[in-house]
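This briefing covers a pocket and several aromatic contacts. The model is predicted.

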Amino acid sequence: MTATLDDAIKRETHGLSSWIASRPAFWVFLAAVLSCLVLSLLTDTFATPQNLFNVTRNFAFVAIIALGMTVVIISGGIDLSVGSTLCISAMVLAIIMNAGFGLALGITAALAAAMLVGAINGYLIAYIRIPPFVVTLGMLSVARSAAMVLSNNRMIYQFGPDEKALFWLGGGSTFGIANPVIALVLLAIITGLMLKWTRWGTRVFAIGSNQHAALLTGVPVRRLKVSVYMFSALTAGIAGVLEAGWLGGVTTNLGQSMELSVIAATVIGGANLMGGAGTVFGAVVGAALIEVIRNSLTLLGISSFWQGTFVGSFIVLAVAFDRLRTDRELEE
């Protein structure tokens, strides 16, 4: 009887440890919570309502794009052009509204421009079979160059008759919650439902896990890849619209190097760069942890130049832990 009870306890303990080990987002969430608690004790400013409002608003932009990046990484790809896509989306919005047109037309044109970038990426990757790294690295330069050409490389800070509406959309709040955070929550719910409960989501995981097997089962891999990169570009476009409203101006260096933070957020949150694994929750908590670290450096008087060191180190550690976990599962 005792032996049976001991065996049952061991099985339950092993099951719990396996559950935790297989969910890196759990550890990232725990790290973010602990970081917030420590900063609340070490500083008098972190836990203030204004700072918490700023932290949540700032991380929302990265997290929104990380939702699209998560889908791309699950499918086995990568998108290095998200920062430039954000820029051209914001620039198209600014040009349209600066010409006197309304916010609705500006947003429509901005998201259409972003999705065009995604469609080109997807077509070159899926149909021409150019590696995602090469295509999106090239598009990183092409999209930003297009933003420079469209704007004549000038800053746009006047947005016509709907200027106040745009500023409220990106920089305002509803019930004390920053509007970009509300947009993030809605997009996270939609993305989570799409990945878990739709045929599209199931197929995204399928091509990331084994593209050849997915092709043999009748999955339209090429069309699916195009849709994945269009979705990634759409999230970058939405972030571009919101960030233009928050900053109150658009320049051609908007979103520069943002792809590093976005990829870091998805990888830290548990997305596997080899494809087939990733969660919406992981992307959000990964982005939150990065912003908490950035904010803590400022509050503790540490040079912001160290931010890149922390982000890069987290990427390497996250991939290393994922590799160790995979090797352990294979041994078992």
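Is Phe159 buried or exposed? Phe159 is buried, because its relative accessible area is 0% and the cut-off for buried is under 20%.

**Aromatic pairs**
- Five aromatic pairs turn up in a search of the whole structure.
- Tyr123 and Tyr127 make a stacked pair, with 5.2 Å centre to centre and 20° between the planes.
- Tyr123 is partly exposed at 44% relative accessibility, and Tyr127 is partly exposed at 34%.
- Phe159 pairs edge-to-face with Phe167, at 5.7 Å centre to centre and 80° between the planes.
- Phe159 has a relative accessible area of 0%, whereas Phe167 is partly exposed at 27%.

**Charge over a ring**
- Lys196 places its charged end over the ring of Trp197, 5.5 Å from the ring centre.

**Second largest pocket**
- Two or more lining residues come from each of helix H3 (49–74), helix H11 (221–247), helix H12 (258–268), helix H13 (280–299) and helix H14 (307–331).
- H13 supplies the largest share of the lining, five residues.
- By residue class, the lining has ten nonpolar, nine polar and three charged residues.

How values were computed:
Residues numbered from 1 in each chain as written. Predicted model: local features only at pLDDT ≥ 70, side-chain atom pairs only at ≥ 80, totals over all residues. Heavy atoms only, no water. Helix = DSSP H or I, 4+ residues; strand = E, 2+ residues; numbered from the N terminus. Nonpolar A, V, L, I, M, F, W, Y, C, P; charged D, E, K, R; others polar. Phe/Tyr/Trp six-rings, centres within 6.5 Å; stacked < 30°, edge-to-face > 60°. Buried < 20%, exposed > 50% of the residue type's maximum accessible area, 1.4 Å probe, protein only. Lys NZ or Arg CZ within 6 Å of the ring centre and 35° of its normal.
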